[in-house]
Amino acid sequence: MPAIKRFDHIGITVADLDAVTAFFVGLGLEVDGRMFVEGEFLDTVTGIPDSRTEIVGLRAPGGGTWIELSSFVRPDHQPGSPTAMANELGLRNVSFEVDDLRATVDQLSSDGYGLVGGVGQYENAWLMAYVRGPEGIIVSLAERIG
């Protein structure tokens, strides 16, 4: 019996919350709130005692699924490992549909963010490119062309 009702959000743990927030706002997402979370709830959910995190919520214009950026105040974030806890930096691909892929890629390039590979075309339906953003986060950008 399926238990999922809807897709809610993606959580990304980052070291520099302001820089990553600015990157996603530059792509067109809107800040939907910023706050600190700590206490029994966070300790229980993450399994990390005495933790504290600052969170920024980001949404696409018009709402829908959102991105939660989280930067741990305590304990410090950890580099990647196969047994990751919630304060480990991670998530390598977030995907967005855009109106003009090449203009978006050009703008990101002028901001210092480069392509991982190149711009690819899937049949006559999509153009797609991976851009490496701050902290190594890969953003997949796609434009419907057919």
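Predicted model: local features only at pLDDT ≥ 70, side-chain atom pairs only at ≥ 80, totals over all residues.
**The core**

In soluble globular proteins, nonpolar side chains tend to be buried together. Here, the largest nonpolar core has 23 residues. Those with the most contacts inside this core are I12, F24, I67, L69, F96 and L141. Both helices and strands take part: α1 (17-27), α3 (101-110), β3 (52-59), β4 (66-74), β5 (93-97), β7 (126-132) and β8 (138-144) each bring at least two residues to the core. Helix α1 gives the most, with four residues.

**The aromatic rings**

The model has three aromatic pairs. One of them joins F23 and F24 edge-to-face, with 5.3 Å from centre to centre and 75° between the planes. Are F23 and F24 buried or exposed? Both are buried. These two residues also belong to one aromatic cluster, together with F96 and Y113.

**E54 and F36**

Now turn to two residues on strands: E54 is found in β3, and F36 lies in β2 (residues 30-38). Here is how each of them is classed by accessibility.

| Residue | Relative accessibility | Class |
|---|---|---|
| E54 | 17% | buried |
| F36 | 44% | partly exposed |

Why does E54 count as buried? Its relative accessibility is 17%, and buried means under 20%, so E54 falls in that class. F36 has 44%, which lies between the 20% and 50% limits, so F36 counts as partly exposed.

Which residue does the side chain of E54 join through a polar contact? The partner is R34, and the contact between the two side chains is 2.7 Å. Setting aside neighbours within four places in sequence, E54 is in contact with several residues, including L17, M35, L69 and V73. F36 is on that list for E54 as well.

From the side of F36, the residues touched are R52, T53, E54 and V73, not counting those up to four places away in sequence. Finally, compare sequence with space for F36 and S71. They are 35 residues apart in sequence, while their C-alpha atoms are 9.5 Å apart in space.

Terms used: Residues numbered from 1 in each chain as written. Heavy atoms only, no water. Phe/Tyr/Trp six-rings, centres within 6.5 Å; stacked < 30°, edge-to-face > 60°. Buried < 20%, exposed > 50% of the residue type's maximum accessible area, 1.4 Å probe, protein only. Core = buried A, V, L, I, M, F, W, Y, C linked by side-chain atoms within 4.5 Å. Polar contact = N/O pair within 3.5 Å; in protein donor to acceptor, adjacent residues only side chain to side chain. Contact = heavy atoms within 4.5 Å.
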